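This briefing is intended for reading alongside the sequence and the structure.

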Amino acid sequence: MQEPTITVYGAPWCPDCKRSKQFLGEHQIPYKWVDIEKDKAGEQFVIRTNKGKRIIPTISFADGSFLVEPSNAELAAKLKLKTTARRSHYDFIVLGGGPAGLTAALYAGREAIDTLLIERAAFGGQAAATERIENIPGFPDGIAGIEFSQRLRQQAERWGVELLEAQEVIGLYSHNNYHCIRTSEGQEYSARSVLITTGGRYKRLNILGEEDYLGAGIHFCAACDGPFYKNKRVAVVGGGNSAAEESLFLANYVDHVTILVRGSHFKASQIIQDNVFANPKIDVRWNIDVQEFLGEHSSLKKLRLRNNQTGEEEIMEVEGAFIFVGLTPNSRFLEGSAILLNQWGFVITGHDLLHNGKRRAGYENRDPYLLECSAPGVFAAGDVRNSSTKQVASAAGEGASAALMIRSYLKQV
Ligand SMILES: Cc1cc2nc3c(=O)[nH]c(=O)nc-3n(C[C@H](O)[C@H](O)[C@H](O)COP(=O)(O)OP(=O)(O)OC[C@H]3O[C@@H](n4cnc5c(N)ncnc54)[C@H](O)[C@@H]3O)c2cc1C
């Protein structure tokens, strides 16, 4: 692996240092971190660079230049990220550059639809953060998440799609047949059709060791990572439908599943609970808080558990742990807009928009397309969409379907 050419000089307590490190991390740009409270040479460099002042973060680059306390916009400009679009109006704007968004964009590009895609971090979304994806059709040996994401990006660019990065969408407003997007940098773009593919983020437990063993024993997807645990013992954390359903799925591969539930009962539907209790490979422990993930040689080995009724603590040996405590959709920017969300914030589309058989405003003369939202002309695909299946292949499939629906929609307006 190549040595990083960017060095961030700072201190652990400094919020701007954290922000800059997060920005580089989200854009998958390698950097070296120097804590100037522990590294005398690093501290001297900062003082020398800032003419006697100890200002952090100070960030040095391969060309010998440096930035002091840069904003995210200054960092994006320095790293030559494309953050401003060529025009302010497009036929079609895609929000989010994960598998759903990039697939929709490349389909639209192939249809010669004038398309802009806006991504707040690095292209590829959750797929880019996945070490290896083993269940994408056409890749019998699997593919690294990063490589898959780069290929999707190249494919979208090949068809002439304009891609913006480091641009967070913070608002969506519709006027008649036009939809306007606002970014956190204050840019505004409009389009005749918009696709929301902003995905989501698996909820974490935020406990000790979780960050250290992500992908190295800790997982969020049974269909993706369950097969690696053939004949092994795993724990599942959670007490809802996902935890129970995914445990049943895991039981097809593993030797044993222990479900760790924080409360004293499941929130899963009765039929799923019955199947769990009837499965000899699964046992359930109630009133258990997972306190810490413990491992050796960079892989998870044990969980520290606490019974939240008795206070008793114990160590449980596991070979893998799957966390199913929910997925938070990236849809906050839609709150207060004309886009209808369900109680958890997922975007409602298609037939689900009909309420008690009644059509919503804008759909008096036609049904919504299957992936169309409550505002006609705005569509949603992938993990952010209500009742989507949270997989790379299905997100890409929904992106492709949405682009073709949008092609038909654009012919009518
Ligand atoms: C650790 C992990 C491992 C996984 N492994 C597998 C696997 O092996 N196989 C599999 O099929 N699935 C796997 N998944 C699930 C899979 O990655 C997702 O289902 C898929 O990426 C969803 O694609 P998407 O495009 O809908 O959303 P995402 O991948 O979430 O992409 C959404 C994009 O939108 C961007 N965005 C969000 N908000 C904004 C905003 N306001 N403005 C601009 N951009 C925004 C995000 O930065 C992101 O790039 C895994 C997920 C995780 C977290």
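**Helix α2 and its surroundings**

Helix α2 is followed by Lys51, whose phi is positive, near 50°. The model is a predicted one.

**Helix α2 (residues 40-49)**

- Gly42, Glu43, Val46 and Thr49 are the buried residues of helix α2. Around the helix axis they cover an arc of only 135°, which puts them on the same side of α2.
- The elements that cover these buried residues of α2 include β1 (7-10), β2 (32-35), β3 (58-60) and β4 (66-68).
- Lys40, Ala41 and Arg48 are exposed, on the other side of α2.
- The N-terminal end of α2 is capped by Asp39, which has a side-chain oxygen 3.2 Å from the backbone nitrogen of Ala41.

**Helix α6 (residues 145-158)**

- Helix α6 has 14 residues and, at 1.5 Å a residue, should span 20 Å; the distance of 20 Å between its end C-alpha atoms agrees with this.
- Buried in α6 are Gly145, Phe148, Ser149, Leu152 and Ala156. Seen down the axis of α6, these buried residues fall within an arc of 100°, so they line one face of the helix.
- The cover over the buried residues of α6 includes the helices α4 (99-110), α5 (125-128) and α10 (392-412). It also includes the strands β7 (132-133) and β8 (143-144).
- Gln154 and Arg158, in contrast, are exposed on the other side of α6.
- Just after α6 comes Gly160, which takes a positive phi of about 80°.

**Disulfides**

- The model contains 2 disulfides. When the bonded cysteines of the protein chain are numbered in sequence order, the pairing reads 1-2, 3-4.
- The link of Cys14 and Cys17 is right-handed, with 90° about the S-S bond.
- Both Cys14 and Cys17 are buried.
- Another disulfide joins Cys221 to Cys224, with an S to S distance of 1.9 Å. The torsion about the S-S bond of Cys221 and Cys224 is about 70°, so this disulfide is right-handed.
- In this pair, Cys221 counts as buried because its relative accessibility is 11%, whereas Cys224, at 24% relative accessibility, counts as partly exposed. Buried means under 20% relative accessible area.

- Cys180 is in no disulfide; the nearest cysteine sulfur to its own is that of Cys373, 16 Å away. Cys180 has a relative accessibility of 16% and therefore counts as buried.
- For Cys373, the closest cysteine sulfur is in Cys180, and the separation of 16 Å is too far for a bond. A disulfide requires cysteine sulfur atoms within 2.5 Å.
- Cys373 is buried, with a relative accessible area of 0%.

Note on methods. Residues are numbered from 1 along each chain as its sequence is written. Side-chain values use heavy atoms; hydrogens and water are left out. Helices (H or I, at least four residues) and strands (E, at least two) are DSSP runs, numbered from the N terminus. The expected span of a helix is 1.5 Å times one less than its number of residues. Buried means under 20% relative accessible area, exposed over 50%, partly exposed in between (1.4 Å probe, protein chains only). The arc is that of the directions from the helix axis to the C-beta atoms. Contact means heavy atoms within 4.5 Å. A polar contact is a pair of N or O atoms within 3.5 Å; within protein, one must be able to donate a hydrogen and the other to accept it, and residues adjacent in sequence count only if both atoms are side-chain atoms.
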